Amino acid sequence: MQSKTQITNETDAIKPPITSIGVIGWMRTNLFNGWFNSLLTIIVIYLLWKTVPPFVRWALFDSLWVSDGTACQQTDGACWSVVTANLRFIIFGFFPHDLQWRPLLAMLILIALLFYSRDRKRWKKSLGYTWVAALIIMGLLMKGGLFGLESVESSKWGGLPLTLLLSVFGLTAAYPLGVVLALGRRSRMPAIKTLCVIYIEMIRGVPLISLLFMSSVVFPLFLPEGVTVNKILRAQVAIILFTAAYVAEVVRGGLQAIPKGQYEAAEAIGLNYVQTMRLIVLPQALKIMIPPTVSVLISAFKDTSLVVIIALYDLLKTTQSVLSDPKWMGFSAEAYIFIAFVYFICCFFMSDYSRRLEKELAT
Amino acid sequence: MNLKQSNSEKISPSDDAIIEIIEMHKWFDDFHVLRDINLRVGRQERIVICGPSGSGKSTLIRCINRLEEHQRGQIIVDGVELNKDIKNIEKTRAEVGMVFQHFNLFPHLTILENLTLGPIWVRKTPKKEAEETAMYFLEKVHIAEQYLKYPGQLSGGQQQRVAIARSLCMRPNVMLFDEPTSALDPEMVKEVLDVMISLAREGMTMIVVSHEMGFARSVAHRVLFMDAGKIVEQNTPDEFFDNPQSDRTKLFLSQILH
Ligand SMILES: Nc1ncnc2c1ncn2[C@@H]1O[C@H](COP(=O)(O)OP(=O)(O)O)[C@@H](O)[C@H]1O
Ligand SMILES: [Mg+2]
């Protein structure tokens, strides 16, 4: 046969050995190779059998989705009604009931824009302007007071919009600040360097909770009589300052990975410091830094829930207040599962996006 | 290889100096790395510097575009003295091209972007014009068809030719080469030397740290021998290689000639 001779002629290449065929083969190599692995497999199957069906029964078959609290007390299943019946309060907090379309719209704009920005091909100047415009519109929707929109005090803001507000602003502001701090820490000017080191190490030496307490309790003491700074803004600043220190350390790690030759080549063609950083060093460093930065950002996102301790009604706090209502007491599992789910969705999209970005930038 | 070429064919350097180094000293902390360097390089002159490893060759040429700072004496490049004035330094760097041993291309940019970066950001050349210039020089180093690739996709010899083209795009008056072929596999050395030879033919002022004797003989007006931070000996290539004066030079030459 011609084809056969061709194959043998080409090389004496040997095909990789066939290891497994079909489901049985796969199971044999992956689950049951050796008595120890077989034992582990059997134990795991037993544990799954003991836990999964009861959970499914509780969460799905025996559960109640729309009912009042009394109906829930009588069932063995999950009471998702605690979420559905209080959904508007959990999501929007104390925002006036008939104005809640405004934060909803603001969130939809934000989510739409985030999705639109996922594609790097769309990263143009115009997108930057769109973001600025969108942020202004979102602020206007939340705050009101212009164009016939009824004004809403920021003390009434709460729930998911507040969580998103703290995170989106927190992360976008912390990132550039972190880059600046990292550059400062590597600066040849001793004063700048010392300042950045002190800042980074001090912030990293204290928990976020203490910063939030300081921003809400200690900071106002230093303000002159009669001057108040909005509570949300204070928490926001604390989050930004805190996250920036962590971002800075990640960025510094990335900068250290760039060989000296890159700086020299950039300087040799006459680029100045800012150009060298912007065009040569940071693009390469940021690429290396994507996975660690995303971990910092994800944990910062989750950390925004700590604002409950200074009595801001973020998503977690609104949920807790629902649970303190006697009608709904005892259904905390359901409510917290829902909250965990919301957080999971957000974090999942962040890490998924970072994976895609990494792949796109791999050259 | 067309390396053998009589000295008479070389364009003779003009008298006015483009680089002037006067009683220059440099220290790394306590280590006296360059000692009393005096050097005049004429326009269109080509100098090859050789010497044992650690003798300060790289440091010397890096001082010329201020990648290293000297502590005593003067370095004057094209009439501008190098001192703390950052504007002078940036201007000088744009006039002086530098080719490194390890190419130092920008791995995140395409070949074309590597070449247009300097002209666009330093010279403020319009992008289209910068790209045309870049393509012109890529043709010259025989690598134009690769312009959309990334440096990592090219061989060492190709990368070094791109690095030369990148410097040329800035239209430098002087080109500095720091052992441009010593990181290359042997079969790629020639393609890089050929590019440098054609550059020499066009009258580029060049200072080349290299141990390629054939190259030195064919293009250099002068060969400098450095040892322990000093310029120990300098002569025309034929005199230098055939009739070395100092014992250190003789020893060194006997070592590189096996
Ligand atoms: N950045 C530096 N800091 C301290 N010592 C250095 C530095 N760069 C080079 N040296 C030292 O200076 C000497 C000359 O180095 P170099 O100019 O690279 O020599 P060559 O290029 O002739 O091999 C060597 O002893 C080297 O160890
Ligand atoms: Mg060297």
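Visitor: Is the crossing of H11(A) and H12(A) left-handed or right-handed?
Guide: This is a predicted model, where local features need pLDDT of at least 70, side-chain atom pairs count only at pLDDT 80 or more, and totals for chains, interfaces and linings use all residues. Residues are numbered from 1 along each chain as its sequence is written, chains are lettered from A and ligands numbered from 1 in written order, and side-chain values use heavy atoms, without hydrogens and water. Left-handed means the near helix is turned anticlockwise from the far one by less than a right angle, right-handed clockwise. The crossing of H11(A) and H12(A) is right-handed.

Visitor: At roughly what angle do the axes of H11(A) and H12(A) cross?
Guide: Helices are DSSP runs (H or I, at least four residues; strands are E, at least two), numbered from the N terminus. Axes are lines fitted to C-alpha atoms, for helices over the stretch in contact, and angles run from 0 to 180 degrees between N-to-C directions. H11 (residues 208–222) and H12 (residues 231–256) of chain A have axes that come within 9 Å and cross at roughly 140°.

Visitor: Why does H11(A) count as oblique to H12(A)?
Guide: Angles under 35 degrees are roughly parallel, over 145 roughly antiparallel, 65 to 115 roughly perpendicular, the rest oblique. The axes cross at roughly 140°, which makes H11(A), relative to H12(A), oblique.

Visitor: Over which residues of chain B is the pLDDT below 50?
Guide: pLDDT is the predictor's confidence in each residue, from 0 to 100. Chain B averages 89, with 94% of the residues scoring at least 70. The pLDDT is below 50 over residues 1–9.

Definitions and conventions: Contact means heavy atoms within 4.5 Å.
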